[in-house]
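Biologist: I have a model open and would like to learn how to read it. Could you take me through a few features?

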Amino acid sequence: MVLQAPPPPASGVQAHGLSRGTAAPELDIPATPDGNRIKLADQRGSPAVLVFYPGDFAPVCTGELGLFNELLPELQAFGAKVFAISCDSLWSHIAYAKELNLRIPLLTDFHPKGEVCRRFDVYRDDIGTAERALFVLDSDGRIFWSHVSPIEINPGADGVLGALEQLTGKDLEPALAETQQRPEPREQEARP
């Protein structure tokens, strides 16, 4: 007997997200690790990356958030703040962040369910989750770049990195080098 995983509950894209130049809708929702609320208004003055994903503990979501977690120093080299958003509860987010050792705050759009996702036009009514969507916001809170991927496909981070390079006018390598400058190690004196 061969056991197969059931097909995903949905695929493709239903909602296409807000377009470039649109003012990002305000959000004020709880986040990991401590339940403090995150507001977009508090992020003004620096770029922000919003990673909407369907759900905690799903294989594609785990790969996607693991990638953004790994690239956090590169994203921060552009001065960007990174947030991931799904319709899962804060308790689920806390367990998920702990399991994956995530340093990215996970924001919960749990109650009222999908309110923020709907305002960004990335809510899937068919399965009650967020689309897999990426937004890069400029320092004024306007959408500079966005992409909605089929929920079964990890879109990677190339588009986000490219948008941040274009938005900030910085190339990744020099920006990263600026944030990682460390003093030269001292040569130890040789002792006879």
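Biologist: Is Arg 124 buried or exposed?

Modeller: First, a word on the source: this is a predicted model, where local features need pLDDT of at least 70, side-chain atom pairs count only at pLDDT 80 or more, and totals for chains, interfaces and linings use all residues. Residues are numbered from 1 along each chain as its sequence is written, and side-chain values use heavy atoms, leaving out hydrogens and water. Buried means under 20% relative accessible area, exposed over 50%, and partly exposed in between (1.4 Å probe, protein chains only). Arg 124 has a relative accessible area of 1%, so Arg 124 is buried.

Biologist: And how does Asp 140 count, as buried or exposed?

Modeller: Asp 140 counts as exposed because its relative accessibility is 56%. In space, Asp 140 and Arg 44 are 5.7 Å apart, C-alpha to C-alpha, though 96 residues apart in sequence.

Biologist: Which order do the strands of the open sheet follow?

Modeller: Strands of a sheet pair through backbone hydrogen bonds, either parallel or antiparallel. Strands here are DSSP runs (E, at least two residues), numbered from the N terminus, and two of them pair if DSSP finds at least two bridges between them. In this model, five strands form an open sheet in the order 5-4-3-8-9, with mixed pairing. Strand 5 (106-108) and strand 9 are the edge strands, each pairing on one side only.

Biologist: How many bridges link strand 3 and strand 8?

Modeller: Five bridges, in the antiparallel sense, with strand 3 covering residues 48-52. Val 49 has Val 136 of strand 8 as its bridge partner.

Note on methods. Helix = DSSP H or I, 4+ residues; strand = E, 2+ residues; numbered from the N terminus.
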